[in-house]
There are 2 protein chains.
Amino acid sequence: MWPVDAATSPRCGRPTIGIIGGGQLGRMLALAASPLGFEVVVLDPGAGSPAAQVGAQQIVGDFHDPLALRKLAEVSDFVTIEFEHLDAGALREIAKTSAASFNPTPATISLIQDKLRQKQFLVEHGIAVGPFAAVENVAAAAVALEAYGSMVLKTRTGGFDGRGNRVVTSRVELAEAFASFNGTSLYAEQLVPFEKELAVMVARSTAGEVVAYPVVETVHERNICVEVLAPAPVDAEVAARAERMATDVAALFDGAGMFGVEMFLASSGEVLVNEIAPRVHNSGHYTQDVSRTSQFEQHVRAITGLPLGPTDLTAPAAAMVNILGERDGATDVVGVADALAVPHTNLHLYGKSPTKVDRKMGHINATGRDVAEARSRARTARQRLTV
Amino acid sequence: MWPVDAATSPRCGRPTIGIIGGGQLGRMLALAASPLGFEVVVLDPGAGSPAAQVGAQQIVGDFHDPLALRKLAEVSDFVTIEFEHLDAGALREIAKTSAASFNPTPATISLIQDKLRQKQFLVEHGIAVGPFAAVENVAAAAVALEAYGSMVLKTRTGGFDGRGNRVVTSRVELAEAFASFNGTSLYAEQLVPFEKELAVMVARSTAGEVVAYPVVETVHERNICVEVLAPAPVDAEVAARAERMATDVAALFDGAGMFGVEMFLASSGEVLVNEIAPRVHNSGHYTQDVSRTSQFEQHVRAITGLPLGPTDLTAPAAAMVNILGERDGATDVVGVADALAVPHTNLHLYGKSPTKVDRKMGHINATGRDVAEARSRARTARQRLTV
């Protein structure tokens, strides 16, 4: 049965998905939701958001405004998110009296958005993570630095794409970092030597069904994801271990939807969980062109009570390269034809303007006989394009 | 190079595709165009068209209104169509002074929309077609009936999905049919005994690149496409012949874009061309989930000067089953979860309301180890769904 009574659904008789955030993730969720018969409404402060450009209705409002959140819940049958840095408490209050279902749950958002609490929670549940420590002041941080040798100082909440992270290798850097964070709650992670960064996208449906996509390698620069290789070029044993671990991790959290589980393959051979995103994730973008069910369709299925779809690759290997802005100014896409002249490539632009240095403007997916070929194609296509 | 100077493009600096028609084909073209960075504007008389629901701007107007067509051309860099039953003469006049490129060309639309002229044109170019005859009056039709035994009387223009077709096997039926068509220009086609109906989607780009998708079997009921099987279960020799023939046919017509070439595999073993659609086509819907480049993305690439993408199947076999309305009334989609519980199925709804008997409301794509399995899955999923 269709999970919502069409007669009582607020918009046009079609069940409605409300998304907090109308950026690229909201946009790609909306593109996946339309063919399944859903209406989409996004809450986003910027009119004409990437999601609104592909047919989502938009409530123009602040993510942190409880009234705007309440309005979104009122017109939605299902409420979901494209990022977790929001007022989980307000969301919990709204969810209490709302007829809509909320996935991820406010409890999961709350747990995950505090990275220190998230790490502690993982440890409490027997998940291997790298050494970390609460550092409430410079003195505590100095003790951690002494123990770790080198470490990353991170804000407990609100950091992403490199914002809220500082690598610290000396007392001088530590003092500078503390000053720059200006009283924000921090914690420290040891800089663990690693071979690769890995990620697994796991979907859990409201009916309890769980599926995982293959483990991928993620490559970061300036703490921003720049490339994803699928499947990760690692031993089958490591891949199996990472996939099992990701599935275990996703099972710890309340609620349905996609969970992005980022991991390190440490130089020691251990797989360590780095952090969790309770949503669709950059490391799963390749699934749009190389899976029967993209992570976006899968998320929609998972949160609306639909059965999950297959997750296997439809090509031997795939690569995703992000199109990051290289200047600040009006968006001007040049080179699409040259980029797509690279065989077996697909382009996904987000409709954002202006472009900004390191702003995520789009991505390229490519396939190949192996990840080296797929990566080479994706990189070549990327190089031929400016935004 | 990007084929359009972003600075002179009329909308938001992004190149704009204008589509005459905002139904399901316009909708799926728009869904494919957004990630490539295009704006889409459709001309359609019904506000809130399927295409507008996924972010296309809409000019609400009649397809036959030259002013509305001119307005569409003015805001577009590329003008294309989702159906060919329109005023090709008006379009030709507009194209003469428009800065936009028109694909298919008005000449091709004009040639194809007159099915008698289309058939004559194919014969002039050495393409095998079944016997047909111009029948300007009942007497001429009676001569044709005498020669053919049984035949289809068709309107020369405007017919599709069974509208404009009447099977005639006797003088009595002939008289009735003539009366029912009420003076419309007609022609007759012999009812050729056939094994299967086949179709090949061919893409030709503005740069002259040509690619073909695999030959598929199409199944019609009440002259409406109900199922498509890919690849067509025919001998490799027949498949090769059909694909070569379709490529030859597409080469005869001016302009770029997808061409749907419908054929009969006659009981004699001959492959005969039935008719051409100068656009994306129901027989190519399966490509959305089983090709790296859907026919919709391919059409966008073809008409905008972008390189074409791969056309091979990413699964051993696929099937498409149309979701035709079974009653008249407000759309009420029931059974989506049950339908998607059939493994390896994808759902594509068009956002149409009301539902009507035999109205195309959506389709289901399925894959399998062979076409029998794919068809069984698609049919089962279809049966579990009502709209």
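Author: A salt bridge is a side-chain nitrogen of Lys or Arg within 4 Å of a carboxyl oxygen of Asp or Glu. Keep that in mind for this model, which is a predicted one.

Reader: What makes E275(B) and K154(B) a salt bridge?

Author: Their closest N and O atoms are 3.9 Å apart, and the cut-off is 4 Å, so the pair counts. E275(B) sits in strand β15 and K154(B) in strand β7, 121 residues apart in the chain.

Reader: How do you know whether R382(B) and E326(B) are buried or exposed?

Author: Check each one against the limits: under 20% is buried, over 50% is exposed. R382(B) has 9% relative accessibility, so it is buried. E326(B) has 56%, so it is exposed. Their side chains still meet in a salt bridge, at 3.5 Å from N to O.

Reader: And what makes E373(B) and R377(B) a salt bridge?

Author: The N to O distance is 3.5 Å, which is within 4 Å, so the pair qualifies. Both residues lie in helix α12 of chain B, 4 residues apart, about one turn of the helix.

Terms used: Residues numbered from 1 in each chain as written. Chains lettered and ligands numbered in written order. Predicted model: local features only at pLDDT ≥ 70, side-chain atom pairs only at ≥ 80, totals over all residues. Heavy atoms only, no water. Helix = DSSP H or I, 4+ residues; strand = E, 2+ residues; numbered from the N terminus. Buried < 20%, exposed > 50% of the residue type's maximum accessible area, 1.4 Å probe, protein only.
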